[in-house]
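This report describes the nonpolar cores, strand pairing and ring contacts of a predicted model.

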Amino acid sequence: MLDELTRFRRDIHAHPELSHKEYRTTDQLVERLELAGLRPVRLENSGLYVDIGDGPLRLGLRADIDALPILEETGLPYASSNTGIAHACGHDVHTTVMLGVALVLGKLHADSPMRGSVRVIFQPAEEIIPGGALDVISQGVLRDVPRILALHCDPRIDVGLVGTRIGAITSASDTVRVELTGRGGHTSRPHLTEDVVFALAHIAANVPAVLARRIDVRSAVSVVWGQIHAGSAPNAIPAHGFMAGTMRCLDGEAWESAGDLLDHTVRQIAAPFGVDVKIEHIRGVPPVINSEAETGLIEAAARAELGPDAVVLTPQSMGGEDFAWMTQEVPGAMMRLGTRTRGGETFDLHRGDYAPDEHAIGCGVRVMTAAALRAVLGLRH
């Protein structure tokens, strides 16, 4: 099936869609699944799921289907036809892998009925906070699903290998925006102003330092600013300015307390400057927690399909992932799917030139199908 799946991946890669707007992608998936005799169920707005097999649910599999507002720079003949939108995080590969798993399981079930079923979920809107996983959960899609697996492309791992770890595999992630307002004026008389530029500078430098002293360093709380803007003239102190960034944390419990501390710290640092402070703190996602049994299920499947040395230990990522909401509902695990051509270039995610090796599609289908069959058969690993 690899040729067909590769064509499918290239088609949705050429037609990427942003979060909650994955209408064409949903239609393409529904059409292909129905062609195989399966009965997909559309979710509200976009996304879908499909059950394969007979009897009680034994496993859920999840793929995310949305793209990013990034200009593609790969130069590939099937590059994005939607300017400023690209599958720069590999969700086109995730979607294609899980489509392949659904089609293979459907054929196997038709040939020899499975006494148990697998639910394959094509989830919208992973790239926005707090994520489309919450919408999937609110629509009851995880009801009766006893365990769940997912995968994510990893351009640092070679094709033919998968990365796993027990425990947290991603970090918690929030978005923070701070707006300051004060009395502006001439730069020759800063004492007559409420200097928002100087206040922004102190917040930018000191908030990360304070958090590093108030929270256990093993939790690895990281505040990084991606935007700072104020003023339009070199000799005028502006009356308004803002900054925005992310707060990430490796530990879920520390994440819960770090949010309140961050907000309090920003206000304390800004107080001496007399500025008005408005904080928009959007709580994002907790860490994805890989349970031991589900991680073992993936590892056993990977070794059986790809070889005894196919599993590597992957470090915990500082990136956020809304699959975390699903692993808070049921035991689950996410694996890292190697997409780097052996000896080839190492890319990074969320880059316009990210070009995964398409041989990873076959690897992903084999591992996830094998894991699903093991779950249906009730094998421990």
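## Nonpolar cores

The largest nonpolar core holds 52 residues, of which Leu33, Leu61, Met98, Val120, Phe122, Leu149 and Leu337 touch the most other members. Helix H9 (residues 359-377) gives the most to this core, contributing 11 residues.

In soluble globular proteins, nonpolar side chains tend to be buried together.

## Strand pairing

Strand E7 (residues 172-181) pairs with strand E11 (residues 240-249) in the antiparallel sense, over 10 bridges. Within this pairing, Thr175 stands opposite Thr246 in E11. E7 also runs antiparallel to strand E12 (residues 276-285), to which 8 bridges join it; here Val178 stands opposite Ile279.

## Aromatic pairs

The whole structure contains 2 aromatic pairs. The ring centres of Phe198 and Phe273 are 5.6 Å apart and the planes meet at 90°, so this pair is edge-to-face. Phe198 belongs to helix H5 (residues 196-214) and Phe273 to the loop between helix H6 (252-270) and E12; the pair therefore ties together parts that are 75 residues apart in sequence. Phe198 is partly exposed, at 46% relative accessibility.

Phe347 and Tyr354 form an edge-to-face pair, with 6.1 Å centre to centre and 65° between the planes. Phe347 is buried at 16% relative accessibility, and Tyr354 is buried at 2%.

## Charges over rings

The charged end of Arg177 sits over the ring of Phe242, 4.1 Å from its centre. Arg283 lies over the face of Trp255, with 4.4 Å to the ring centre.

Terms used:
Residues are numbered from 1 along each chain as its sequence is written. This is a predicted model: local features need pLDDT of at least 70, side-chain atom pairs count only at pLDDT 80 or more; totals for chains, interfaces and linings use all residues. Side-chain values use heavy atoms; hydrogens and water are left out. Two strands pair if DSSP finds at least two bridges between them. Helices (H or I, at least four residues) and strands (E, at least two) are DSSP runs, numbered from the N terminus. A nonpolar core is a set of buried Ala, Val, Leu, Ile, Met, Phe, Trp, Tyr and Cys residues joined through side-chain atoms within 4.5 Å. Buried means under 20% relative accessible area, exposed over 50%, partly exposed in between (1.4 Å probe, protein chains only). Rings of Phe, Tyr and Trp (its six-membered ring) pair if their centres lie within 6.5 Å; planes under 30 degrees apart count as stacked, over 60 as edge-to-face and the rest as tilted. A charge sits over a ring if NZ of Lys or CZ of Arg is within 6 Å of the ring centre and within 35 degrees of the ring normal.
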